[in-house]
Amino acid sequence: MRRNRPVYILCLVVPAFLLFACRSSRKLTADYYYENEAALTSIEKAYASLYKQRPFSVEFIDKGFNYVSLMLQSNRIKYIYEFELNEPRLQDTLARYQMDSAAIMKMIRQMKDIQCVWINNLDYYVDEQKRSMIFMSLRTVPPRIPFAEKKYYILTFFNQPQFFDNQGRLLANRRQRRLRKIDDNFFQRINDRVCYTISERFR
Amino acid sequence: MLERATVQNTRIFKKCIALILCICMSGISTAQRERDTSRTSTRQDAIAFISRITELPQSAHWPNIKPALFLQNLKNNIENPLSLHEGNNTNFCAYAAMSYIPLQFDPLGFAKDLLQLYREGKVKMGRVNITPSSEVKLAAGRLAFKGELDIRPADQMWFLALADHFKCYLNIFDKHFDMGDENSFWAATSFGKFNHMIRSLFRYRVEAKGSDLIRPTIDHLYGYLKERVSKGTVALFVNNMSLYQKDHRQVKPGVGTHFIILKDIEEAPDGRINITYWDYGGLTLQQVTPSFLYRLIFGITFCTKRTANAPQ
């Protein structure tokens, strides 16, 4: 009996482990959004407001969240620079491009706190009409699913309510029952305007 | 007697050699004359040509491309050539980068060729007869969720037709088009295929350094690129995972995966290098370190026009 104890323990632990692994990740990921809704929507609103002044995107290029890549769009060309977060060059550059450096620095720090890797504005088309959304990638997949290969939790914030099928999957538009792909991923509903997916890549 | 015979034989031999050389040289020069010029035209010529087209009937060959959208796309390409967009998450970057050449230097020829492809379902460009398959003809105009490419049916037609025609070792296992293959190996382009396409379609002189897997060995990369950019069109075969970081993996496959057009290169005062390149429908100025630039580039294609008087 004593000799078989490890086997019994394994028999109990392994199914419990598998049960945990098989929990509905959909519910957990939606919960993650609601638990951090204030921080996430604060970043989204700040970005949307700053983007109107000048189109830009921010990306953390290292795992330690110490270096950022800043993309600034002008009429003719987009500029991509890399900075250390505390480097004076970063604020100098923002000032040179006549951007609200205090507001952007605040947003970047909020991004770091919540491990947001990338924020960007993406264009998409519905019935040949151009629309845009805010695309936000977070470093950590909220439910720590064992052996999960997909590392990034991606949120999309649309300007208008979207259409979903009965499984909560994002559709191309009202008429078509075709699923919409964004950056090669299918998305799930969180609410009418916000969707999520879990991906191997943050863009 | 024997000596005189030897001298005579030598003379005859020399004459034969000279004759053969003459024939060969005339053959070469004729061949060179045939392929010695790259077509050129101006943007104004192309705009005037398109503005004369008042009505374009629906093509029976491309049932999902509306004529009005096709013409609008073509007009956009001519008026703003840098707006050409390969689409998000497709393998069309090589075809888009290559299209930079006709859009910049022969927009009229490009417009005529695309119109012929739309009207007749086939076209002869340079040395190549492009006859797209029926699957590709049905797919053009239906590609979706690719960003800007969604509303550019003429570009969809052009990219799909090129991917369908030109094949290399990367396409061995996926030669037949199915919907969704624009993201797969069906549309992939090796460095060799890219250079071959430019030579055969546009009759440009192409000098290529590098390969799919091994970086080119150039002593002073910055100086080399700077000099080349001032003399012709430079396309770079780069590692996309380095240029557009997509994850935080430490180990990344060291291969060329993406084509861009290098527009300018400058050394910044702090030793960094500013590269200005074209891809995804716009110009980008990116500041990089010299070591990053070295790691980034797997191939350099230098293209110049063939002119009748240019030295061969």
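This is a predicted model: local features need pLDDT of at least 70, side-chain atom pairs count only at pLDDT 80 or more; totals for chains, interfaces and linings use all residues.
Local features here need pLDDT of at least 70 and side-chain atom pairs count only at pLDDT 80 or more, while totals for chains, interfaces and linings use all residues. Residues are numbered from 1 along each chain as its sequence is written, with chains lettered from A and ligands numbered from 1 in the order in which they are written.

Chain A comes to 5 helices and 10 strands (DSSP runs numbered from the N terminus: H or I of at least four residues for helices, E of at least two for strands). Of its 203 residues, 26% are buried, that is, with 20 or more other C-beta atoms within 10 Å of their own, C-beta atoms being placed from the backbone.

Where the chains meet, 22 residues of chain A are in contact with 16 of chain B (C-beta atoms, placed from the backbone, within 7 Å). There, strand β3 (residues 77-84) of chain A pairs with strand β7 (residues 282-288) of chain B, parallel and over 4 bridges; pairing takes at least two DSSP bridges. K78(A) sits opposite T284(B).

As for nonpolar cores (buried Ala, Val, Leu, Ile, Met, Phe, Trp, Tyr and Cys joined through C-beta atoms within 7 Å), the largest has 76 residues, and A97(B) and M157(B) touch the most other members. Helix α4 (residues 93-105) of chain B gives the largest share, 10 residues. Leaving out residues up to four places away in sequence, M157(B) touches W62(B), I65(B), L117(B), Y118(B) and A140(B). A second, separate core of 40 residues includes Y47(A), M107(A), I119(A) and L138(A).

Key:
Two residues are in contact if their C-beta atoms, placed from the backbone, lie within 7 Å. A residue is buried if 20 or more other C-beta atoms lie within 10 Å of its own, exposed if 12 or fewer, and partly exposed in between; C-beta atoms are placed from the backbone.
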